[in-house]
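Thanks for making time for this one.

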Amino acid sequence: GQTSPIDLFIEQAQRSDQSGLGMTVVHRNPNSRFFYTVENATSHLSLFVRGQCFILASINNELYLSVQRLCSSLDFTSRDLQPWLQKKAATNVLRELFSQGDLYIEED
């Protein structure tokens, strides 16, 4: 079957972690508003995308920095999004953002 962009991306991101080669460039849809809030005591992070809320529980610093970057930039490499692949819940959020078109990969 057809491999979805997100599965392709995850595969490439996991591979490029070692070599740094063949990094995929990911773009954020400029029409999608991204922002986040953090509950400091619990390190729960809420990511809002076009009014939709995604909760990321007990995040580590790498994921936190990656979320900040996601909200402040329009272009990323697969390495920037690497921390999302460490947790299943975060990977599922990423999957959702790709499927909604909030994030997309530049096709060659």
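Helix H3 lies across S2, S3 and S4, running at about 160° to S4, where helices (H or I, at least four residues) and strands (E, at least two) are DSSP runs numbered from the N terminus, and axes are lines fitted to C-alpha atoms, for helices over the stretch in contact (heavy atoms within 4.5 Å), with angles from 0 to 180 degrees between N-to-C directions. Helix H2, residues 61–72, also lies across S2, S3 and S4, at about 150° to S2.

This is a predicted model, in which local features need pLDDT of at least 70, side-chain atom pairs count only at pLDDT 80 or more, and totals for chains, interfaces and linings use all residues. Residues are numbered from 1 along each chain as its sequence is written, and side-chain values use heavy atoms, leaving out hydrogens and water.

The sheet itself is open, with 3 strands in the order S2-S3-S4 and antiparallel pairing, pairing being counted if DSSP finds at least two bridges. S2 and S4 stand at the edges with a single partner strand each, so one side of each lacks a neighbour in the sheet. S2 (34–39) and S3 (44–49) share 6 bridges, with Phe34 opposite Val49, while 5 bridges join S3 to S4 (52–56).

Asp102, in the loop between H3 and strand S6, touches Phe34 and Val49, among others. Is Asp102 buried or exposed? Its relative accessibility is 0%, so Asp102 counts as buried (under 20% relative accessible area, 1.4 Å probe, protein chains only).

Conventions. Buried < 20%, exposed > 50% of the residue type's maximum accessible area, 1.4 Å probe, protein only. Lists of a residue's contacts leave out its neighbours within four places in sequence.
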